[in-house]
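Please inspect the sequence and the model before reading each solution.

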Amino acid sequence: MDHINFFLQEVEKSRRQIPRTASVEEYMKFASTNYMMLHYLCQQHSIDFYPLISKQEFFTECVKKRKEELKEEEKKESIGKSKGKRVKNRIPPENKEEKEEQKIKLVIFDKDGTLFHNNFLFQEYCTKVIETFKDDVDDVQKFGEKLGFDMKESKLIPGGLMAMASGQQVCQKVVSILGDKYSLLQVEEKMSRIEKTEETTIVEFTDTKELFISLKKKGIKIGVCTSDDRRNTLNHLARIDVLKMVDYLKCGDDNKINKPSPEPIKEICNELGVSPRNTCMVGDTFYDVHSATLANCGRIIGVLSGDSIPDQLQESDIIVKSIASFFI
């Protein structure tokens with residue numbers, strides 16, 4: 001913990017030196033770099049990340065700046081609407097462009113816990129992961145809890161690792177728990193033998209196909225950003241007949257940079273030619289919300305259909321029960 005405290009002290013010194021004239025984008029870059037470094041340190045030292053990051057001024061200031069910018073944009077838009085057509089005709093060209101830029105042109109969905117029910121997808125898989133290492137631990141239940149799965153109840157723990165992390169991140173956590181028993185490569189080899197069955201029951205929170213069709217009719221592009229691997233993701237989306245409607249798919253095994261980094265969202269935006277300010281992110285974990293915050297998305301919708309508690313979605317612009325309540 002001493003290493004982390006020293007790091008945070010240095011970050012705070014740097015934060016205080018940022019000029020007041022710095023743009024939101026410049027501050028986001030500073031916050032993103034330090035956010036991911038703190039995330040890495042917490043993983044290395046097995047420290048619960050969310051309670052720590054949620055109190056750090058460099059991140060809370062990032063959240064504040066983003067929301068202030070959104071309020072300013074909404075204020076400009078509401079003034080234009082309230083003054084009617086006479087004023088609307090006198091709006092300078094640059095303001096018309098600003099108004100156009102505020103439109104949502106891309107919606108990025110998380111997959112597990114957002115489009116599909118987590119427990120149906122991961123119950124069998126999580127059990128197999130824990131059973132693979134049961135002979136290497138003294139208490140299987142506690143081992144499962146550290147990974148974010150309750151073996152007694154056979155369900156994911158809200159806010160737990162398995163509900164949010166990529167396979168790579170789960171492997172890293174197993175290594176840190178077991179100490180010197182296995183290398184990361186050995187754990188990855190063991191985990192690679194555990195495959196999520198393609199016949200797993202899929203439960204949607206709404207008619208996803210109808211939702212995607214309605215977005216397409218409005219000219220809105222669709223992205224999916226998930227920590228799950230590509231093979232499973234392609235299978236799940238194809239089984240509900242929406243794969244062809246997804247304009248860009250970013251999966252956990254594409255590379256080692258995953259949520260909560262803003263890079264996956266930025267990659268989707270860049271590939272589809274849409275600014276993050278014209279993008280709406282929809283997800284059920286703080287990884288989704290923080291990734292979108294650091295990417296400076298124009299709208300962030302948190303859904304309570306996954307395994308997070310409401311407090312972990314507090315940085316969202318809107319919190320809804322599930323995508324059944326989704327609107328643009």
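**Exercise 1: An aromatic pair**

At 19% relative accessibility, Tyr-182 counts as buried, where buried means under 20% relative accessible area, exposed over 50% and partly exposed in between (1.4 Å probe, protein chains only). The model is predicted: local features need pLDDT of at least 70, side-chain atom pairs count only at pLDDT 80 or more, and totals for chains, interfaces and linings use all residues. Residues are numbered from 1 along each chain as its sequence is written, and side-chain values use heavy atoms, with hydrogens and water left out.

Task: classify the pair formed by the rings of Phe-133 and Tyr-182, and state where the two residues lie.

Solution. 
- Step 1. Rings of Phe, Tyr and Trp (its six-membered ring) pair if their centres lie within 6.5 Å; planes under 30 degrees apart are stacked, over 60 edge-to-face and the rest tilted. The whole structure contains 9 aromatic pairs.
- Step 2. For Phe-133 and Tyr-182 the ring centres are 6.0 Å apart and the planes stand at 70°, so the pair is edge-to-face.
- Step 3. Phe-133 belongs to the loop between α7 (118-132) and α8 (140-147), and Tyr-182 to the loop between α10 (167-178) and α11 (184-192), so the pair ties together parts 49 residues apart in sequence. Helices are DSSP runs (H or I, at least four residues), as are strands (E, at least two), numbered from the N terminus.
- Step 4. Phe-133 is buried, with a relative accessible area of 0%.

**Exercise 2: Cysteines and Thr-279**

Task: determine how many disulfides the structure holds, and examine Cys-297.

Solution. 
- Step 1. A disulfide requires two cysteine sulfur atoms within 2.5 Å; the structure holds 0 disulfides.
- Step 2. The cysteine sulfur closest to that of Cys-297 is in Cys-269, at 5.7 Å, too far for a bond. Cys-297 is buried, at 0% relative accessible area.
- Step 3. Beyond its neighbours within four places in sequence, Thr-279 is in contact (heavy atoms within 4.5 Å) with residues including Cys-269 and Cys-297. Thr-279 lies in strand β6 (residues 279-283).

**Exercise 3: Nonpolar cores**

Task: which residues of the largest nonpolar core touch the most other members?

Solution. 
- Step 1. A nonpolar core is a set of buried Ala, Val, Leu, Ile, Met, Phe, Trp, Tyr and Cys residues joined through side-chain atoms within 4.5 Å.
- Step 2. Among the 50 residues of the largest core, Val-107, Phe-109, Met-191, Phe-212, Val-282 and Phe-326 touch the most other members.
- Step 3. The largest share of this core, 6 residues, comes from α7.
- Step 4. Another core, of 26 residues, lies apart from it and includes Ile-4 and Phe-286.
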